[in-house]
Amino acid sequence: MAAGSFSAGLSGLNANSAYLSVIGNNLANINTVAYKASAVSFQDLVSQSITGSSDNPMQVGLGVKIGSVSPVFSQGAISNTSDATNVAVQGAGFFVVAGPEGQSYTRAGDFSFDANGVLVTPDGHAVQGWTTTDPTTGRVVTTAQPSDITISPGVLRAPVATASFKTLTNLDSAAAVNDEFTTSVQVYDALGKSHVMTITYTNTAPGAWDVNFELPGAEATGGTPGTPFSVAAASLEFDATGQLAKVTPTNPAAGGGDLTAGTPVPLAAVTFATPAWVDGAAANAMSWDIIDANGAGALTGFRSTSATSSITQNGSGSGMINNISVASDGTIVAALGAGQTLSVGQIALASFNNPKGLVKLGSSRYGSSEAAGLPNIGVAGTGGRGTFIGSALEQSNVDIAQEFTQMILAQRGYQANSKTITVSDEIMVDTLGMKR
């Protein structure tokens, strides 16, 4: 049995030596961005059966082996930074990056822009996401396959002509006939010039209003300087609960869209076109959104002072990107020199059924494997994925107190197994001495 004790002791030395190596690597990466500590588990080796009269199996173990060395994907502490390109993941998920060897994954969000305006990791791998925006909504389109995120600061961004606008407005049900309420919306033409469109509501009867859309006459082709140019007009009818019931165009001056005088239009939106602009810009085809995506009306006729609580429109002027920020869903919002903001990209996030099955590639990156399952790439905050924190980094989740405790245990285990070998050697010497 001396040979068996030699082998068992040697296996213990090897296992505890590997354990110390894992602990040393954890401590070495205590300041590595988003590093995940590794945990070691041991398993006994096959046992040898010995003869005897016991009813139960009589077995002697032959040593120990490393059962697994797996990363612990607990959340690391989040630290704020002053770098807008730093991004931390709060919750489950990995950034998707691409390099010469293909696609890989990381939790480390210490990104920066390279000379070509591509968002990259410190070792030059391109961060994956989406950069195509919907011209109507201004939101990033995330239905396509992710690709490199390229945002070039200092490059003049093209203007976006206003294609839709919405005002959350209440028209007082107690208003008298001929009472007026006016609100304004700033819109942009195709060349990026802003124009103020005035919306005037005039009460015509209880629950009934006329609405008129006007532009400065000096800015619209065919207009007269100093005289408002009517783009379109309609009549509004509210029901007994103050909800908009009917919209009937009365003066589709600019033509186009669904504005046919005297014919009620669907309540979802009213579409019309502006005339061409005197600065040379083409006419805007615009949609006046009066019902939001949830079915709630943007116009109401309650017994309350007439007021506009919110104005939105999807146009923007030209400008240069001078700053960016990252929203919780990964949307990259750029601030333009013209004092406006727009979405210019969105960072993708991948999740795995078994993240412990990922293969460590070095440089804080992981590779996919059959054990990890297929990557589920999509928008942060959906499908069980975590969210992003901009201008922040996730720190290592290594617990120095726990590592020191495990180091002591590994050291004691190594010492104990070395004693096993020493005693086995002494027994072997005594056995050989019996011959003399």
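**Close-ups of a predicted model**

**View 1. The lining of the second largest pocket, sorted by class.** Eight nonpolar, six polar and two charged residues make up this lining (nonpolar being Ala, Val, Leu, Ile, Met, Phe, Trp, Tyr, Cys and Pro; charged being Asp, Glu, Lys and Arg; polar being the others, Gly among them). A pocket here is an open set of points on a 1 Å grid over the protein atoms alone, where a 1.4 Å probe fits, with protein on both sides within 12 Å along at least five of seven lines; lining residues have an atom within 4 Å of a point. The model is predicted, so to speak of local features takes pLDDT of at least 70, side-chain atom pairs count only at pLDDT 80 or more, and totals for chains, interfaces and linings use all residues. Residues are numbered from 1 along each chain as its sequence is written, and side-chain values use heavy atoms, with hydrogens and water left out.

**View 2. Around the pocket centre.** Of the 16 lining residues, S38, A39, V72, Q402 and E403 lie nearest the centre. Two or more residues each come from α1 (2-28), β1 (38-44) and α2 (400-433) (helices are DSSP runs of H or I, at least four residues, and strands of E, at least two, numbered from the N terminus). The largest share, four residues, belongs to α1.

View 3. Strands β16 (residues 194-205) and β17 (residues 208-216) pair antiparallel over seven bridges (pairing needs at least two DSSP bridges). N203 sits opposite W209 in β17. Two residues separate the strands, and G207 in the turn has a positive phi of about 75°.

**View 4. On to β18.** β17 also runs antiparallel to β18 (residues 228-238), joined by nine bridges. Here N212 faces A233 in β18.
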